[in-house]
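Here is a short briefing to read alongside the model. Have the viewer open and follow along.

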Amino acid sequence: MNDSTSNAGRSPVPAMIGLCAVILIVAAMYWASNVFAPISFALLIIAMVWPLQRALQARLPQLVALLVCLVGTIVVMGIFTLLLGWSLNRVGIYVLSDTARFQTMYNELAAWLEGHGIAVSGLWEQHFNVSWILRIVQQVTGRLNSTLTFSLVVLIYVMLGLLEVGDIGRKLRRFKSGSLGYAFLVGSGETGAKLRRYMLVRTLMSIMTGVLVWGLTYSAGLSLSAEWGVIAFALNYIPVIGPLFATVLPTLFAIAQFETWQAAILIFVFLNLIQFLVGSYLEPRIAGKSLSLSPVMVLFAVFFGTFLWGIAGAFIGVPIVIAIVTICAHHDSSRWIADILGSPPADPEAG
């Protein structure tokens, strides 16, 4: 009787306050994406680089160690960007050099659609014209400029963050066990270890996917096999969306090159088989249960991150969820969030 009375009289105000706080935080992340997106990327890079920074600081001055880490980060980002830019540029040149074949494929598709009652006769003239090409060039140029600015801001945050990690850690160690500060300290350390493992596994799986895609397209005689392998490697860092594009694009080129749907369907099936074996079979077993999230949560993280910050959000969405789950699991008031978002706890008796 007392329990039912206390539950009935419990005020819904705290729950409403929490819901309003979540809505305000999401709105701030959306409208201030120029601030939160670079910070999120910088925190991910700091989690990757901090062990190297700490090891170098034990033997070198702090600023020298920081310079080495920043140069290494710039080199890795530069190589990744150059490889992706080279492959996309090669694909673009190939499309421009073989415009007649793609025009023929479009005409055949338009004739087939019109035969089934879908009129697309004026679509090419209305949308694929000189003004459309100019808009695409302007958008690409603007995106490159914004990407360079974004990368520069991220590097500044990384530099400042690496200088402050040690001081922040010493401040958090002053909190008592069971407090929010102590939970954040322990959770942050565990989050860094999980993110490093996540990125290592993701890199290994991306390399494996790229090699397998290259081998498949090369053996099938599809043009630009090396470029498709590089694109598959780069896009595999974006769960769900990346493998989808890495599968569809070579299939479209296979239709144009082989001019038969049967060959394109075979390539499409084998590309999806590669993505399934690597992403759904090998990666969960190598990553382990500590990094596993429900497929629904991974899909939500990717699409919600895309809604907030575009392609950058699609890349960073899953690491953010891993960080939230790990940190929330270290305090009683937020452990329920980790239980909902994370994988189910292992049965100790089964072990």
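In which helix is the place of Val269? Val269 sits in helix H11, helices being DSSP runs of H or I with at least four residues, numbered from the N terminus. This is a predicted model, where local features need pLDDT of at least 70, side-chain atom pairs count only at pLDDT 80 or more, and totals for chains, interfaces and linings use all residues. Residues are numbered from 1 along each chain as its sequence is written, and side-chain values use heavy atoms, leaving out hydrogens and water.

**Surface patch**
- Leu244, Phe245, Val248, Leu249, Leu252, Trp261, Ile265, Phe268 and Val269 make up a nonpolar surface patch, with about 840 Å² of accessible area together (Shrake-Rupley method, 1.4 Å probe, only the protein chains shown counting as cover for residues).
- Helices H10 (241-258) and H11 (261-287) each give two or more residues to the patch, and H10 has the largest share, five residues.

**Around Thr251**
- Thr251, in helix H10, has a relative accessible area of 10%, so it is buried (under 20%).
- Leaving out residues up to four places away in sequence, Thr251 touches Ala264, Phe268 and Leu271 (heavy atoms within 4.5 Å).

**Helix packing**
- H3 (residues 33-57) and H8 (residues 180-219) pack at about 95 degrees, with axes 9 Å apart (lines fitted to C-alpha atoms over the stretch in contact, with angles from 0 to 180 degrees between N-to-C directions).
- H3 and H8 are therefore roughly perpendicular (65 to 115 degrees).
- Leu44, Ala47, Met48 and Pro51 of H3 meet Gly192, Leu195, Arg196 and Met199 of H8.

Notes:
Patch = residues over 30% accessible without salt bridge, like charges linked within 9 Å, V, L, I, M, F, W, Y side chains within 5 Å. Salt bridge = Lys/Arg side-chain N within 4 Å of Asp/Glu carboxyl O. Parallel < 35°, antiparallel > 145°, perpendicular 65-115°, else oblique. Buried < 20%, exposed > 50% of the residue type's maximum accessible area, 1.4 Å probe, protein only.
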